[in-house]
Amino acid sequence: MRFIDLFAGLGGFNLALTSLGHECVFACEIESHLQDLYEANFGLRPAGDIRSKGLIASIPEHDILCAGFPCQPFSKAGEQNGHDCPQWGDLINYVLEILSTHQPSYVILENVPNLEKHRGGETWRQLKKRLEHWRRGSFTIDSRILSPHSFGVPQVRDRMFIVGSRHGLEHFKWPSGEGYPTPDLKSILDTNPPEAKPLSAEAIRCLDVWQEFLSAFPTSEGLPSFPIWTMEFGADYPFEKRAPYSYGRAYLQKFRGSFGQPLTLLPASRVMDGLPPYARQAVDKFPEWKITFIRQNRSFYQKHHSWLDDWLPKIREFNPSYQKLEWNCKGCPRKIWDYIIQFRPSGVRVKRPNTSPSLVAMTTSQVPVIGWEKRFMTPREGARLQSMDELNHLPDASTRAYEALGNALNVQLVRLIAKALVPSVDQPTTVTVGENSAKDLPIKVGERAAL
């Protein structure tokens, strides 16, 4: 069947559907450098801005519409303006216009899981209604939140998938994660790839300091499940009934701020600077989760201050995000260099090496770190996490590569959905083998392809 690929990016829909024997007849991508890559990888030059005058009428007839429409308006990481987003919020209207104009038989859409809950679920209820009853036809619509790690791909990446058919969905069943192997991140990693970006000396020094913390922690106790916020160690500023901002600077000077620093030593104009950055917001009350974390960290310090006081001066040398730790390896050996690490605004996050955190498009600072090799994950390894190892070309600049991969969709997951939704095409594929089993993984996962 013929399909179109809207907001195409690196071409995840193209990889998935062509592997099933379908033909891409049109693609659309606003970024010129991604247009160049798409053409190099697929031999088809994408059109530019979908909002261009006359573009919709020029789209070739097609059977399947695919679109990973921009997620920023609905993502928890953004302002969540939804359809009111001035830059991207109206793009779904153009998708609906294409459906009305060309009336394809099937639709496959992808977005962030928060779309389902945005504005109390009202955004998704309205969008579903519009998809089911567009101007010159209607679809039967279904949706589900899925992650590739449930299908053997070593990346935790929840995404909302939406499928629709003009012929009903009685034949359709969402792919099941049964029968797939346990994800193993090491299966997609190279060994000391020369192009990998090494950790900075400061990052290594920071992680060494956190290793000292892990080594000093009593072996008879389990590590905290809550994030460790060292700036709360010794602090006693008020936070439970009201946020510090609501008390006024003169009142706050009675207390101790970050690391127990007496706020009375600061001029009134700088009192708020003596608090942890997360405690400076101009709000009347903190959310419950923040109140709980602050309370837990102060109790933790009271219990362990006898050995923490000797360690604290070392962690104070670093920036605030380095002064927080999320240990997500409960019950595992306390060896920080054995794990996957992320430097996040919320702190240093340490994870087991079975899956990667979700690739993030907005910043390169959150690229996963391969602890045992003291390096960042490479773009090619990131492509494998998105089941995109078939791509011959990735962006030359690593910053653009990480951004594009963070915005991409997982090919393996889309292929399984499309296979269940659209009638099969009697055409052999060189990309995958098997029938909805562990062998359905892309053949090249774990192989070492060159950039």
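In this predicted model, the charged end of lysine 197 sits over the ring of phenylalanine 376, at 5.3 Å from the ring centre. A second case of this kind involves lysine 290, whose charged end sits over the ring of phenylalanine 286, 4.9 Å from its centre. The protein has 451 residues, and 53% of them are buried. Its secondary structure comes to eleven helices and twelve strands. Among the contacts with a separation of 6 or more, 66% are between residues 24 or more positions apart.

**The open sheet**

- Six strands form an open sheet with mixed pairing, and their order is S2-S1-S3-S4-S6-S5.
- Strand S2 (23-28) and strand S5 (140-146) are the edge strands, so named because each pairs on one side only.
- On average, neighbouring strands of this sheet are turned by 15° against each other, with direction ignored.
- Helix H5 (residues 122-132) packs on the sheet and touches S4, S5 and strand S6 (159-165).
- The direction of H5 makes about 140° with that of S5.

**Strand S1 and its partners**

- Strand S1 covers residues 2-6 and is mostly covered itself, with four of its five residues buried.
- S1 pairs with S2 in the parallel sense, over five bridges.
- In this pairing, leucine 6 stands opposite cysteine 28 in S2.
- From S1 the chain crosses through helix H1 (residues 12-18) to S2, and this β-α-β crossover is right-handed.
- S1 also pairs with S3 in the parallel sense, here over four bridges.
- Aspartate 5 stands opposite cysteine 66 in S3.

**Strands S3 and S4**

- Strand S3 (residues 64-67) and strand S4 (residues 106-111) run parallel and are joined by four bridges.
- Alanine 67 stands opposite leucine 109 in S4.

**Two residues in the loop between H7 and H8**

- Valine 271 is placed in the loop between helix H7 (249-252) and helix H8 (288-315).
- Valine 271 counts as buried because its relative accessible area is 0%, and the cut-off for buried is under 20%.
- Leaving aside neighbours within four places in sequence, valine 271 is in contact with Arg249, Leu252, Gln253, Leu263 and Leu266.
- One of these contacts, arginine 249, is 22 residues from valine 271 in sequence and 6.0 Å from it in space, C-alpha to C-alpha.
- Aspartate 284 also lies in the loop between H7 and H8.
- Aspartate 284 counts as exposed because its relative accessibility is 59%, and the cut-off for exposed is over 50%.
- Not counting residues up to four places away in sequence, aspartate 284 touches Arg242, Ala243 and Ser246.
- Alanine 243 and aspartate 284 are 41 residues apart in sequence but 5.3 Å apart in space, C-alpha to C-alpha.

**Aromatic pairs**

- A pair of aromatic rings is described by the distance of the centres and the angle of the planes.
- The protein has 22 aromatic pairs.
- Phenylalanine 151 and tyrosine 180 form one of the pairs, with 5.4 Å centre to centre and 75° between the planes.
- This pair is edge-to-face, because the planes are over 60 degrees apart.
- Phenylalanine 151 lies in the loop between S5 and S6, and tyrosine 180 lies in the loop between S6 and helix H6 (201-216), so the pair ties together parts that are 29 residues apart in sequence.
- Phenylalanine 151 and tyrosine 180 are both buried.
- Tryptophan 210 and tryptophan 311 form a tilted pair, with 5.1 Å centre to centre and 55° between the planes.
- The tryptophan pair links distant parts of the chain, since tryptophan 210 is in helix H6 and tryptophan 311 is in helix H8, 101 residues apart.
- Tryptophan 210 counts as buried at 0% relative accessibility, and tryptophan 311 is buried with a relative accessible area of 5%.
- Both tryptophans belong to a cluster in which ring pairs link Trp210, Phe213, Phe217, Phe226, Phe233, Phe300, Tyr301, Trp307 and Trp311.

Methods:
Residues numbered from 1 in each chain as written. Predicted model: local features only at pLDDT ≥ 70, side-chain atom pairs only at ≥ 80, totals over all residues. Heavy atoms only, no water. Pairing = 2+ DSSP bridges. Axes fitted to C-alpha atoms, helices over the stretch in contact; angles between N-to-C directions. Contact = heavy atoms within 4.5 Å. Buried < 20%, exposed > 50% of the residue type's maximum accessible area, 1.4 Å probe, protein only. Right-handed = clockwise from strand over helix to strand, strands pointing away. Phe/Tyr/Trp six-rings, centres within 6.5 Å; stacked < 30°, edge-to-face > 60°. Lys NZ or Arg CZ within 6 Å of the ring centre and 35° of its normal.
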